[in-house]
Structures are given as C-alpha cells and as structure tokens.
Amino acid sequence: MTESEKNKIEKSGEKRRQWIPVEWAVQMLRKAYEKKQIDESHYAKLCEDGHLWIKEFTIPVFAIFEFVFFVGWLKVAQVG
C-alpha cells in the first residue's frame, strides 16, 4: 500500500472505509478491460458476480456473530 492510499483510507469515513477494497478491485477490472487484457464477456461476468456478492452481503453477518458471541459469554458467566 502506498502512502497516498494509506492517507485516503485514514481520511475516509467508517462506512466508506470497508468498501475501499471493492472499489479498488472494480477500478483494476475496468483498467484491464480498457487495455484489452480481458474480453467483454469475462468483464461482464466478473462485474455481475461482484454485484451479486454485494447484494448477498447485506445480511448483517457480523451483527449475528456478535450476538452469538455475547449470548455465549452470558451463558458461560451464569452462576449455577
């Protein structure tokens, strides 16, 4: 990671920070397509797969893990 990339990450907001790697990947994909390093069908397929992954990711997976973790600790902390 370059110093300028590090500064961009540090200056970005909390919610935007987690999407920066996805944005970089999309930019790299677009540049590869513009340089004719990948053809149109592969570019479309990769973009489509990425959008499907993002839509599926809207389930609050980390919130679910956090809930299970805290409930587990509450069960451990119960005095019998």
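Ser-12 touches Arg-17 and Ile-20 when residues up to four places away in sequence are not counted, contact meaning heavy atoms within 4.5 Å. The model is predicted, with local features requiring pLDDT of at least 70 and side-chain atom pairs counted only at pLDDT 80 or more, whereas totals for chains, interfaces and linings use all residues. Residues are numbered from 1 along each chain as its sequence is written, and side-chain values use heavy atoms, with hydrogens and water left out.

Ser-12 is found in the loop between helix 1 (3-11) and helix 2 (14-17); helices are DSSP runs of H or I with at least four residues, numbered from the N terminus. Its relative accessible area is 11%, so Ser-12 is buried (buried, under 20%; exposed, over 50%; partly exposed, in between; 1.4 Å probe, protein chains only). A polar atom of the Ser-12 side chain lies 2.8 Å from the backbone oxygen of Ile-9.

Two salt bridges are present in the structure, each defined by a side-chain nitrogen of Lys or Arg within 4 Å of a carboxyl oxygen of Asp or Glu. In one, Arg-17 pairs with Glu-14, with 3.5 Å between the closest N and O atoms. These two residues are separated by about one helical turn because they stand three residues apart in helix 2. Arg-17 is partly exposed at 32% relative accessibility, while Glu-14 is exposed at 62%. A salt bridge also joins Arg-16 to Glu-23, the closest N and O atoms being 2.8 Å apart. Arg-16 is partly exposed at 45%, as is Glu-23 at 33%.

Terms used
Polar contact = N/O pair within 3.5 Å; in protein donor to acceptor, adjacent residues only side chain to side chain.
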